[in-house]
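Visitor: I have just opened a new structure and would like to learn how to read it. Could you take me through it step by step?

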Amino acid sequence: YKNRKELMFMNKNNILEPKNKNINLENERIVYTVQEVAALLHSSPNYIYLLIEKGYLPALKLGSIKILKTSLQKFLIDNEGQDLSDVNNAKILEIIR
C-alpha cells in the first residue's frame with residue numbers, strides 16, 4: 001500500500017479503523033516486541049533477549065526493545081540449518097533419529 005493512512009478512518013469513538021474490513025492490518029506490521037517474537041518462534045523472551053545480546057538478532061529500542069519484521073526474516077533465513085540451542089556455541093544442525 002502506498003500510504004497506510006489512506007487505508008484508515010477515525011470512527012465515532014476516535015479509534016482508527018481500516019476503511020476496508022477485508023484488510024488484515026496484521027500483515028502490515030513492521031515491528032514486533034520481544035514477547036511477540038518469542039511467541040512466533042515458540043521460544044521464551046529470555047532466549048530472544050540472549051539472541052539480541054549476542055548479536056544474532058538485531059533490535060532497537062522504541063520505549064521497549066523491538067525487532068523489525070525484516071530483521072526477524074533475515075535472522076531465520078541466515079540461520080536456517082543451524083543449532084542455536086547454545087548461542088555461545090552455534091553449530092550445524094544434526095538430526096539424530
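Guide: Here is a short tour, one feature at a time. This is a predicted model, in which local features need pLDDT of at least 70 and side-chain atom pairs count only at pLDDT 80 or more, while totals for chains, interfaces and linings use all residues. Residues are numbered from 1 along each chain as its sequence is written, and side-chain values use heavy atoms, with hydrogens and water left out.

Visitor: Let us start with the fold. How many helices and strands does the chain have?

Guide: Helices (H or I, at least four residues) and strands (E, at least two) are DSSP runs, numbered from the N terminus. In this chain there are 3 helices and 7 strands. Reading from the N terminus, their order is β-β-β-α-α-β-β-α-β-β.

Visitor: Which share of the residues in the chain is buried?

Guide: Buried means under 20% relative accessible area, exposed over 50%, and partly exposed in between, with a 1.4 Å probe and protein chains only. Of the 97 residues in the chain, 22% are buried. Ile 48, in helix α2, is one of the buried residues because its relative accessibility is 0%. Ala 38 belongs to helix α1 and is buried too, since its relative accessible area is 2%.

Visitor: Now the charges. How many salt bridges are there?

Guide: Side chains of opposite charge can pair when their charged atoms come close. A salt bridge is a side-chain nitrogen of Lys or Arg within 4 Å of a carboxyl oxygen of Asp or Glu. By this rule the model has 2 salt bridges. In one, Arg 29 pairs with Glu 36, and the closest N and O atoms are 2.7 Å apart. Arg 29 is partly exposed because its relative accessibility is 22%, and Glu 36 is partly exposed at 29%. Another joins Asp 78 to Lys 74, with the closest N and O atoms 2.5 Å apart.

Visitor: Where do Asp 78 and Lys 74 lie?

Guide: Both are in helix α3, 4 residues apart, which is about one turn of the helix. Asp 78 is partly exposed at 46% relative accessibility, whereas Lys 74 counts as exposed at 51%.

Visitor: What volume does the largest pocket have?

Guide: Rolling a probe the size of a water molecule over the atoms shows where empty space is left. On a 1 Å grid over the protein atoms alone, a cavity is a set of points where a 1.4 Å probe fits but cannot get out, and a pocket is an open set with protein on both sides within 12 Å along at least five of seven lines; lining residues have an atom within 4 Å of a point. Grid points are joined across faces, edges and corners, and a volume is the space filled by probe spheres set on the points. Here the largest pocket has a volume of about 210 Å³.

Visitor: Which residues line the largest pocket?

Guide: Its lining includes Leu 41, Tyr 47, Phe 75, Asn 79 and Asp 83. The elements that give two or more residues to this lining are α2 (45-53), α3 (69-78) and β6 (82-83).
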